[in-house]
Amino acid sequence: MNIQSNIEKKLMNHFKPEHLQVINESSQHNVPAGSESHFKVVIVTPAFSGERLIKRHRAVNSVLEDELANDIHALALHTYTQEEWKNLFGEYPQSPNCLGGSKQ
């Protein structure tokens, strides 16, 4: 199992999120091709209700303790409650506008 899949599995099992994105951003850094060392996590879960940002981040860091100690060099966290997500983005994430690539 690769690191990204392992992160996704652990966060899904622990937080039961409504929305989860784990994005490998390693290619944006000075690392060998195919690296899995820099990640961004976007997570929306009821578990964050009433919790301050620092406590949310600590909770995610705790779940990913082994990965942070051994595999992950950088982890950007975007942690939301359902209400925060809805206020920022609506019911569902917005799709990008079509650039018309296949239109004739």
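Reply: Of the 104 residues in the protein, 30% are buried, meaning that their relative accessible area is under 20%, where over 50% is exposed and anything in between is partly exposed (1.4 Å probe, protein chains only). The model is predicted, so local features need pLDDT of at least 70 and side-chain atom pairs count only at pLDDT 80 or more, while totals for chains, interfaces and linings use all residues. Residues are numbered from 1 along each chain as its sequence is written, and side-chain values use heavy atoms, with hydrogens and water left out.

The protein has four helices and three strands, which follow the pattern α-β-β-α-α-β-α along the sequence. Helices (H or I, at least four residues) and strands (E, at least two) are DSSP runs, numbered from the N terminus.

Helix α2 covers residues 53-63, and R56, V60 and V63 are buried in it. Viewed down the axis of α2, these buried residues lie within an arc of 60°, so they line one face of the helix. The arc is taken from the directions that lead from the helix axis to the C-beta atoms. An α-helix has 3.6 residues a turn, so residues three or four places apart point the same way.

What does this face meet? The buried residues of α2 pack against α1 (3-15), α3 (65-70), β3 (74-80) and α4 (82-89). Contact here means heavy atoms within 4.5 Å.

V60 also belongs to the largest nonpolar core, a group of 14 residues in which I7, L11, F15, V41 and V60 have the most contacts. A nonpolar core is a set of buried Ala, Val, Leu, Ile, Met, Phe, Trp, Tyr and Cys residues joined through side-chain atoms within 4.5 Å. At least two residues of this core come from each of α1, β2 (38-44) and α2. The largest share, four residues, is supplied by α1. I7 touches V22, F39, V41, L64 and I72, leaving aside residues up to four places away in sequence.

The loop between β2 and α2 holds T45. T45 is buried, with a relative accessible area of 0%. Not counting residues up to four places away in sequence, T45 touches F15, K16, P17, Y80, T81 and Q82.
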